[in-house]
Amino acid sequence: MKKIDFNADWEYEVLTNRAEHPGREKITLPHDAMLHEKRTENSPGAQNTGYFEGNDYLYCKSFWVPENWREKHILIEFEGIYRNADIRLNGEQIYCRPNGYMQFLLSLDDRLQYGKENTIEVYVKNSDQPNSRWYSGAGIYRPAWLYVGEKSAVEPENIRITTVKTSPAFVKFEIYAQAPCRITLEIGHGLQDDEVYFITESKDSDECGNVALLIKVENARLWSAENPYLYRYRITAGADVSTGTFGIRELSWDAEKGFCINGVRTILKGACIHHDNGLLGACCYPDAEERKVRLLKETGYNAIRSAHNPCSKALLDACDRLGMLVLDEYTDMWYIHKTRYDYALYMENQWEKDLLDMVNKDYNHPCVVMYSTGNEVAETAQEKGIELTKDMTAYLHRLDRTRPVTCGVNIFFNLLSSMGFGVYSDKKAEDTSPKKKAVGSEFYNRLAGMVGDTFMKMGACLHGCDVKTRDAYENMDIAGYNYGILRYRHDLKKYPKRLILGTETFCRDAAKFYEIAEKHPRILGDFVWAGMDYIGETGVGAWEYEDYAPKNAPKSHWLTAGSGRIDITGKPLGEALYTKVVYEQEKGPFLAVRPVYQTGKHSPSAWKMTDAMESWSFRGCEGKRAEVEVYTRESAAALFLNGRKIAEKKRKKNCRIRFTVPYENGCLKAIVYNETGEEAGCCELITAGATTCLLMIPEKSTVRPGELLYVRLRYTDEKGILKPMEHHRMQISVTGGKLLGFGNACPCNPEGYLNSYADSYYGEALAIIQAQQADTIVARANDGSLEQEIQVPVISG
């Protein structure tokens with residue numbers, strides 16, 4: 001079927017609180033309506049959603065339907081609408097879907113007015129707040145498409161590709177056409193359709209239009225995280241043509257070998273991510289999704305967990321190309337609420353349809369290696385929930401026998417909730433008193449902030465936690481442990497057949513996990529919270545100070561969680577350097593320093609290991625205490641300051657060696673030594689010079705119309721060395737492109753990302769520009785003293 005971009009020429013309006021949102025606006029999808037709302041302390045979503053208000057919205061689009069389409073098969077696809085979407089065509093309701101994260105395809109045959117203008121309306125309900133524990137966004141935040149094909153067409157989700165075996169390689173294609181026809185399958189190498197196919201096979205379908213083809217691929221190149229090789233296919237059904245990509249790979253999991261891809265044990269070195277794209281809000285752009293995957297891959301992660309909802313098609317496409325394994329997760333709640341209007345209202349009646357659609361989206365993507373039925377669902381401690389765990393696992397097995405099923409269970413939380421702690425009720429949720437008690441995961445997050453990660457992990461070792469999780473674990477292929485690393489060795493002995501996955505963990509535990517996993521194949525992997533910072537759950541992972549986050553600042557000034565190893569602008573932090581060493585992405589060593597000039601940290605978090613940054617530029621702080629961290633796998637490290645040795649330490653079990661030294665401008669150098677005392681590597685940080693420059697650094701040298709250009713703004717010296725103490729307001733202007741987002745990485749951010757001005761945060765900010773039909777993007781930045789301009793060519797084709 002021909003895929004037609006359906007994202008331009010929409011109009012939207014706010015249906016509630018009209019006085020503050022007069023009239024309609026012309027927009028192009030994807031569009032996040034919530035990002036344009038006010039942030040107030042009266043927001044019912046409060047810290048969960050970044051204090052954004054929620055409203056109801058209407059999206060409208062008129063489009064011409066040619067008369068000759070009467071003989072065609074026509075579909076419309078929405079990849080994601082948050083939430084309670086009501087779809088109407090020419091005034092007639094044709095579909096409703098409460099789940100805000102599911103894609104759906106609708107047939108428009110016999111519903112269109114041919115040779116006339118047609119109107120589609122999408123009503124979106126997001127005023128029933130609170131309904132999410134993180135920033136959800138709202139509206140048609142993922143793309144929309146029209147598919148036009150012949151009456152014999154093969155719909156996008158009616159092609160199933162299964163690797164039967166890899167040595168030799170046999171691939172099964174199950175194709176379901178809309179009518180009986182001759183079906184021809186062609187297979188070629190690579191991503192570019194250059195009309196060269198090395199396999200061609202044809203077969204007549206049965207009377208229902210179905211056909212199954214078992215194809216042998218000689219000398220097959222297998223797909224893996226290390227070598228993500230993709231084949232392309234072209235299917236001709238009658239006069240209709242469909243194209244796509246697939247990878248040849250085989251999964252296995254057992255107690256003896258652990259988790260294997262193509263027979264090779266693969267440890268999942270993973271990161272949890274939310275679905276938002278930082279400064280873009282919930283808007284799903286392919287460039288943004290690919291950038292996120294690339295940054296995580298460069299940090300050392302080979303897997304991501306889509307916390308806590310099914311990920312986008314664009315993310316899966318990027319993971320296929322770049323070699324990122326995916327644990328796709330269904331939902332954050334089952335039948336017990338975590339917020340008053342969340343998906344627990346619908347889940348029991350919708351889960352079969354939802355899981356079917358999730359599998360339809362994921363099935364042909366080699367990157368998807370596992371499904372999760374939920375996150376921190378305390379129902380897994382109840383008889384009803386244990387049975388539901390079994391039912392969902394069995395249903396996913398019927399839909400897809402090639403992938404295992406897990407569920408992220410918060411072991412300690414299961415015990416606490418069974419004792420009545422943190423359990424949701426409308427009465428508790430409606431409490432507006434200063435002594436309001438937290439419920440659900442918010443209760444658990446607050447507890448973690450007060451008592452720290454060690455208490456949480458030790459709590460998970462209580463016998464009662466075992467009692468409240470073991471039955472549910474029996475009903476899934478792989479036991480998902482949230483913050484249960486101290487149970488690993490005990491449970492490996494007690495449950496000799498149990499496969500364990502750290503579905504949610506702390507950054508500081510990465511080295512300990514990897515050490516255990518290398519020795520025990522039944523420890524399959526680890527997913528840190530979180531790989532990249534995200535909007536909502538404000539401050540849950542932040543370490544902040546007065547200059548960027550005043551203690552008396554209104555709560556609604558807080559915007560992001562602050563818990564990413566990569567910040568909201570995509571900058572890798574000291575924790576990312578640590579991760580690279582732990583997971584052997586790079587040998588290192590790396591140096592990072594906590595901000596020397598900062599005092600009075602007031603927002604400590606169990607989810608942050610350190611706020612160290614890759615800088616030794618703190619002029620004016622001479623003599624002050626500097627906390628230095630060296631990330632290495634070697635046995636010892638020594639620090640040298642301006643040529644003289646100032647400290648030396650042996651490495652303990654972790655991959656981090658910490659020093660406290662007096663700050664002094666100049667060159668800070670770390671030398672690491674192996675077990676025999678030989679020098680095994682070095683790195684250094686140089687203090688920036690006195691002169692300050694403003695640089696604009698585009699991440700691409702050219703860009704095509706519609707693509708995104710990320711531009712990092714940095715205060716540096718003349719040699720380009722960052723100056724993190726520079727804190728200024730910058731103004732940006734753009735021609736040849738549209739400024740989609742401009743902002744900094746500070747979790748406390750009262751102004752958001754939709755302005756043409758932003759403050760620097762530790763010397764940096766980020767602009768995101770969408771290229772238009774122009775020869776060149778010209779971007780200019782000015783802070784009143786310094787000015788910079790860049791020009792980036794826009795190329796066609």
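**Exercise 1: a charged patch**

Task: Find which residues gather in a patch of negative charge on the surface, and work out which helix gives the largest share of them.

Solution: Keep in mind that this is a predicted model.
- Start with the members: Glu352, Glu383, Glu387 and Asp391 come together on the surface as a patch of negative charge.
- Next, look at where they sit. Helix 4 (residues 383-399) supplies the largest share of this patch, three residues.
- Glu352, in turn, belongs to helix 3 (residues 347-362).
- Finally, check the exposure of Glu352. Its relative accessible area is 40%, so Glu352 is partly exposed.

**Exercise 2: a nonpolar patch**

Task: Name the residues that form a nonpolar patch on the surface, then decide whether Met450 is buried or exposed.

- Met450, Val451 and Phe455 make up the nonpolar patch, and together they have about 310 Å² of accessible area.
- Met450 is found in helix 7 (residues 440-459).
- The cut-off for an exposed residue is over 50% relative accessible area. Met450 has 67%, and therefore counts as exposed.

**Exercise 3: Thr49 in its loop**

Task: Locate Thr49 between its two strands, and classify Thr49 as buried or exposed.

Solution: Begin with the loop.
- Thr49 lies between strand 3 (25-27) and strand 4 (56-65), in the loop that links them.
- Buried means under 20% relative accessible area. Thr49 is at 1%, so Thr49 is buried.
- Now list the neighbours. Leaving aside residues up to four places away in sequence, Thr49 touches Met34, Ser43, Gln129, Ser132, Trp134, Tyr135 and Gly536.

**Exercise 4: helix 12 and its surroundings**

Task: Work out how many residues of helix 12 (residues 574-582) are buried, and which elements these residues pack against.

- Among the buried residues are the charged-type names Glu575 and Lys580, along with Leu577 and Tyr578.
- The packing partners are helix 1, helix 11 (510-519), strand 29 (590-593), strand 30 (625-631) and strand 33 (656-662).
- After helix 12 comes Glu584, with a positive phi near 60°.

Terms used:
Residues are numbered from 1 along each chain as its sequence is written. This is a predicted model: local features need pLDDT of at least 70, side-chain atom pairs count only at pLDDT 80 or more; totals for chains, interfaces and linings use all residues. Side-chain values use heavy atoms; hydrogens and water are left out. Patches are made of residues with over 30% relative accessible area and no salt bridge: like charges are joined within 9 Å, nonpolar side chains (Val, Leu, Ile, Met, Phe, Trp, Tyr) within 5 Å. Accessible areas come from the Shrake-Rupley method with a 1.4 Å probe; for residues, only the protein chains shown count as cover. A salt bridge is a side-chain nitrogen of Lys or Arg within 4 Å of a carboxyl oxygen of Asp or Glu. The place of a charge is taken as NZ of Lys, CZ of Arg, CG of Asp or CD of Glu. Helices (H or I, at least four residues) and strands (E, at least two) are DSSP runs, numbered from the N terminus. Buried means under 20% relative accessible area, exposed over 50%, partly exposed in between (1.4 Å probe, protein chains only). Contact means heavy atoms within 4.5 Å.
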